[in-house]
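User: I would like to learn how to read a few features of a protein model. Please give me the general idea each time and then the case at hand.

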Amino acid sequence: MQAEAGLEDGSHSREAISRGTLRSETVLVLALSLGASGVSALISFIGSLTRPEALSDQAAKLNTSAAPGRPWLDLTWQLFGICTALVPVLLVAHLLTREGSGLRAIGFDVRRPWPDLGRGTLIAAGIGSAGLAFYLAMQEGGFNLTVEPESLPDVWWKFPVLILSAAQNSVLEEVIVVGYLLRRLGQLGWTPMAALVASSVLRGSYHLYQGIGGFIGNMVMGVVFVLLYRRWGRVGPLVVAHTLLDIGAFVGYALLAGKVGWLPTV
């Protein structure tokens, strides 16, 4: 596990940074990004549980219109949201550069585009069908809300925005929840197992707004992604896989919702 040691303990950092500083930095990065999303998802799930309707009769909506009936303003808001959501990734890039490594240390670069693309495509193919089957089972069993991956208006920019949204989600999650968090937890002295659990539970937590199935399914995906990251030493394939999965969910829903009987809608 030589690659893992270099990735997670920061042994090649240019300057020593105290554990207290690293701990505070990690908390702040998560509080500005996916840690806050986890708390928000928990509050949302509690709200769903306390409503009179069954979970499967409620909708968890993604990629909604920000300015209905005003397509150009809507597009502006969509692009603004995508760009601002990536600011924590820029912060992580800055913090990793400060220690003398940068995003290359976690394998988010263009040094190996074809292996990253090939591995990511295989991951997406393997997880995609199983994930869809699991979601349908959880929704049918009443453990999940009905997820509506998109409800954008039928305008020319709909599909480009959905693809950009998929890429944004993927970069944010894989850079922070896998590459950055594992590196920092390793530097803080966490065991590999504890770091794997923390990363996976965090991934599940910010999907809790979808229901118990969203939490469990994404936590399992988190375990797989951490193991693959430790094997390959790169988040690049994970970003590719996650992007393809989200494109399939967003674009697939836009094309199939209301046209096939097996896809739940509210």
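User: Is R203 buried or exposed?

Analyst: Burial is read from relative accessible area: buried means under 20%, exposed means over 50%, and partly exposed lies in between (1.4 Å probe, protein chains only). R203 has a relative accessible area of 0%, so R203 is buried. This is a predicted model, in which local features need pLDDT of at least 70 and side-chain atom pairs count only at pLDDT 80 or more, while totals for chains, interfaces and linings use all residues. Residues are numbered from 1 along each chain as its sequence is written, and side-chain values use heavy atoms, with hydrogens and water left out.

User: Where is R203 found, and with which residues is R203 in contact?

Analyst: Helices (H or I, at least four residues) and strands (E, at least two) are DSSP runs, numbered from the N terminus. R203 is in helix α8. Contact means heavy atoms within 4.5 Å. Setting aside neighbours within four places in sequence, R203 is in contact with E173, E174, V177, V178, N218, M221, G222, F225 and H242. As for distance, the C-alpha atoms of R203 and T191 are 18 Å apart in space, and the two residues are 12 apart in sequence.

User: How do I read the packing of α8 and α9, and at what angle do their axes cross?

Analyst: Axes are lines fitted to C-alpha atoms, for helices over the stretch in contact, and angles run from 0 to 180 degrees between N-to-C directions. The axes of α8 (residues 192-205) and α9 (residues 212-232) cross at roughly 140° and come within 7 Å. An angle under 35 degrees counts as roughly parallel, over 145 as roughly antiparallel, 65 to 115 as roughly perpendicular, and the rest as oblique. The two helices α8 and α9 are therefore oblique to each other.

User: What is the handedness of the crossing of α8 and α9, and which residues make the contact?

Analyst: A crossing is left-handed if the near helix is turned anticlockwise from the far one by less than a right angle, and right-handed if clockwise. For α8 and α9 the crossing is right-handed. On the α8 side the contact includes P192, L196 and R203, and on the α9 side it includes N218, M221, G222 and F225. For classes, Ala, Val, Leu, Ile, Met, Phe, Trp, Tyr, Cys and Pro count as nonpolar, Asp, Glu, Lys and Arg as charged, and the others, Gly among them, as polar. The contact of α8 with α9 has 11 nonpolar, 6 polar and 2 charged residues.

User: How do α6 and α10 pack?

Analyst: The axes of α6 (residues 113-140) and α10 (residues 236-256) are 7 Å apart, at an angle of about 45°. That makes α6 and α10 oblique to each other, and their crossing is right-handed. Among the residues that meet are D116, R119 and I123 in α6 and P237, L244 and L245 in α10. By class, this contact of α6 with α10 holds 10 nonpolar, 4 polar and 2 charged residues.

User: At what angle do α2 and α7 pack?

Analyst: Helices α2 (residues 19-31) and α7 (residues 158-187) pack at about 160°, with axes 10 Å apart. Therefore α2 is roughly antiparallel to α7. The crossing of α2 and α7 is left-handed. R19, L22, E25, T26, V29 and L30 in α2 meet I176, Y180, L181, R184 and Q187 in α7. The contact of α2 with α7 divides into 6 nonpolar, 2 polar and 3 charged residues.

User: Which residues does L136 touch?

Analyst: L136 lies in helix α6 and is partly exposed, with a relative accessible area of 23%. Not counting residues up to four places away in sequence, L136 touches W262 and P264.

User: How many helices and strands does the protein have?

Analyst: The protein has 10 helices and 2 strands. From the N terminus on, the elements run α-α-α-β-α-α-α-β-α-α-α-α.

User: What does the radius of gyration say?

Analyst: The radius of gyration is taken over C-alpha atoms, and the globule rule is 2.2 Å times the number of residues to the power 0.38. Here the radius of gyration is 19 Å, close to the 18 Å that the rule gives for 266 residues, so the protein is as compact as a globular protein of that length. Buried residues make up 45% of the 266 residues.
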